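I opened the notebook to look up how the chains are arranged and where they meet.

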There are 2 protein chains.
Amino acid sequence: MIGIDWGTSSFRAFRLADDGAVLDRRQASRGIMSVSDGKFADVVQEFAGDWLKAGEARILLSGMIGSRQGWRESQALQCPAGVENLAQALTPVPFDGATIFIVPGLTTRDAHGTPEFMRGEETQIAGLLPSIGGEGLVCLPGTHSKWARIADSRIASFTTHMTGEAFAALSQHTILGRLMQGDESDEQAFDRGVARSVDSGGLLHHLFGARTLVLAAQLAETGTRSYLSGLLIGHEIRAALTGPSDQSIHLAGEATLCALYARALAAAGRKTMIASDDAAVLGLARIGGLVKWT
Amino acid sequence: MIGIDWGTSSFRAFRLADDGAVLDRRQASRGIMSVSDGKFADVVQEFAGDWLKAGEARILLSGMIGSRQGWRESQALQCPAGVENLAQALTPVPFDGATIFIVPGLTTRDAHGTPEFMRGEETQIAGLLPSIGGEGLVCLPGTHSKWARIADSRIASFTTHMTGEAFAALSQHTILGRLMQGDESDEQAFDRGVARSVDSGGLLHHLFGARTLVLAAQLAETGTRSYLSGLLIGHEIRAALTGPSDQSIHLAGEATLCALYARALAAAGRKTMIASDDAAVLGLARIGGLVKWT
C-alpha cells in the first residue's frame with residue numbers, strides 16, 4: 001500500500017510492504033496550502049504515479065488533507081478511540097486507478113469542557129501504541145504540541161498547547177526578539193527557563209523576566225532564545241503533566257525538539273522515551289493493515 | 001515648572017503652576033526612538049521654547065528619556081521608595097537656559113529573585129499615592145503592565161507582565177489572528193476569556209482553545225479578539241493579585257484598557273478605583289514640588 005502523511009505545509013509519501021516495511025519514500029513541500037484549485041489528485045499522480053503503475057492500488061492518507069481545507073473533510077471521532085476505530089471510520093476519496101481512504105481525526109473535551117481536535121497526530125499515536133503497552137502519556141511537541149493519555153490501548157483524551165507558535169510570535173515580534181543574538185542553543189539558559197516556569201508569577205510575568213535578566217547582566221543575550229524556549233516548554237509541561245510520577249512520557253517528533261522536552265521533563269523528575277522511528281509511517285502501516293480495502 | 005513625560009514612542013510636555021495645575025500642554029510623536037543623534041535638547045526647544053522664553057527655568061523629565069537609549073541614564077532606585085526618595089535622586093542634564101532633572105527609575109526583585117525595573121511608572125504612581133492613602137495595590141495596564149504594592153506611602157515592590165505586547169504578537173502573528181474578524185469589542189467573549197483563565201490547563205493550552213471554540217462553533221470569529229484579551233488579562237490578574245481580598249485595586253492608564261481590567265477584576269471579586277486624572281502629570285508636579293531646584 002501507499003501511505004501519505006499530508007499536512008498543511010508538508011507532503012510525505014511511503015510505499016509500504018505488507019509487514020509495514022518502507023520500500024520507498026518521497027517528500028515534497030506540497031502541503032495542502034500549496035495545492036490550488038483542489039488538484040490533490042495531480043500531486044498523488046506526480047509523486048506516487050510510478051508506484052501505482054507498478055501495481056499499488058491502496059492509498060491511505062492522514063493529516064490536514066482530511067480537513068475542510070483539504071481534499072475531502074474526514075470525520076472527527078470522539079475519544080476514546082483505538083486503531084480499530086480509526087480503521088473503521090475512513091473517508092473514501094474518488095480516484096481513478098486506486099482506492100483512497102482518509103484517516104479520521106479525533107475530538108475530545110478538556111477537563112473544563114473546551115473542545116479539542118487533532119488531525120494527523122492520531123495516526124502518529126497509532127504508530128506508537130504497540131510500544132506504549134496499554135497505558136501511558138504521549139507528547140508530540142511542535143507548533144501545536146499534543147499530549148495524549150493512553151488507556152486500554154486507546155487514545156482516551158488529549159490537550160493541545162500552542163507552544164511552538166507562541167515561541168515564534170514572541171521571539172520574532174516582541175522586545176524579547178530584539179534582545180536575542182544568535183541561533184545557538186544554550187543548555188544552561190534553557191534549564192534556567194525551565195526552572196523559572198515552576199515559580200509563581202505566571203507566564204506573562206516570566207516573559208518579561210527574560211528581558212530584565214539581560215538588563216541586569218544575569219543572562220547573556222546569546223542565551224535569551226534558549227531561555228524563552230525553556231520557559232515556554234516548562235510552562236507547557238507543568239500544565240500538561242498528569243498521571244503517576246513514575247510513568248514514562250513517550251515523545252515523538254522532530255529530534256532536537258524531543259531532546260529539549262526530554263531535558264525539561266527530566267528536570268520535572270519524569271522519565272521519557274523518544275520514539276526512534278517515524279511515528280506517522282508506523283501508524284499509516286498499522287491502520288492500513290486493519291482496513292477492509294475491498 | 002515644565003514637566004515632560006518622555007517615553008519610547010511618545011512625548012508629552014506640561015507647563016505647570018506651583019499648585020500643580022496644568023497651564024498648557026503639548027503632545028507629539030517624538031518618543032526617544034524618533035530622536036536621532038541624541039538631539040533631545042532640540043525637541044525641548046521645539047515644544048517648550050516659548051515657555052522658557054516666558055520665564056520657566058525648571059524642567060523635570062520622567063520615562064525612558066532616563067534610560068541608556070535616552071538623553072542621560074538616570075539611577076534605578078531600590079524599592080521601597082517614596083516620593084521624597086525620587087526627588088532626592090534626580091539626574092541633572094546640562095542644558096542652556098534651564099535646570100533639567102530626570103526622575104530616577106526603580107528596581108526591585110520578585111518573590112523568586114528575578115530583577116524588575118520601571119522607568120516612568122514610578123512617576124505615575126507618585127501621582128496616585130495621595131489618593132491611595134498609605135497601603136494598596138496599583139495596576140498600570142499596558143504593553144508591559146505594572147503592578148505595584150504600596151506600603152507606608154512608598155512603592156514597596158512591583159512586578160511586570162508582558163500582557164499587551166503578548167496580545168499584539170499573538171493576535172497579529174499566529175493562527176488566532178487569522179481567525180479574528182473585526183476590531184469591535186465583545187464583552188461577553190471577553191468575560192468568557194477571563195473565566196477561562198481560572199481553569200487549570202495553562203495559558204498555552206487556553207490560547208489554542210480560542211481556536212477550537214471557533215472550530216466547534218462555540219465562539220464567533222468576531223469575538224476571538226475580545227476572548228484573547230480576556231484570557232491574557234485574566235491570566236495576568238490571577239498571577240498578580242495579592243493582598244487582602246477586600247482591598248481596592250487602583251488603576252491608571254488608557255481609559256478603555258482600565259475599564260477592561262476593572263471588568264476582569266470585578267469577575268475576580270475585587271473592587272477597583274480608576275484614576276480620573278493623568279497620573280504622570282500629577283506625579284511630575286508632586287516630585288517637582290519636592291525638588292531643591294537651586
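Entry 1, domains. I am working from a predicted model. I looked up the spacing of the domains and found the C-alpha centres of domain 1 of chain A and domain 2 of chain A to be 31 Å apart. Next I checked the bounds. Domain 1 of chain A is assigned in two segments, 2–132 + 278–288. Domain 2 of chain A is given as 163–274.

I counted 41 residues of chain B in contact with 41 residues of chain A. I then asked which elements of chain B supply at least two residues each to the side that touches chain A. My list has two strands, E9 (115–118) and E12 (154–161). It also has three helices: H4 (163–173), H7 (203–215) and H8 (224–240). H7(B) gives the most to this side, nine residues. By class, I recorded 17 nonpolar, 18 polar and six charged residues on the side of chain B that touches chain A.

I compared the interface residues of the two chains. Of those in chain B, 100% are also interface residues in chain A, so the copies meet through the same surface.

Notes
Residues numbered from 1 in each chain as written. Chains lettered and ligands numbered in written order. Predicted model: local features only at pLDDT ≥ 70, side-chain atom pairs only at ≥ 80, totals over all residues. Contact = placed C-beta atoms within 7 Å. Domains from an automatic or database assignment. Helix = DSSP H or I, 4+ residues; strand = E, 2+ residues; numbered from the N terminus. Nonpolar A, V, L, I, M, F, W, Y, C, P; charged D, E, K, R; others polar.
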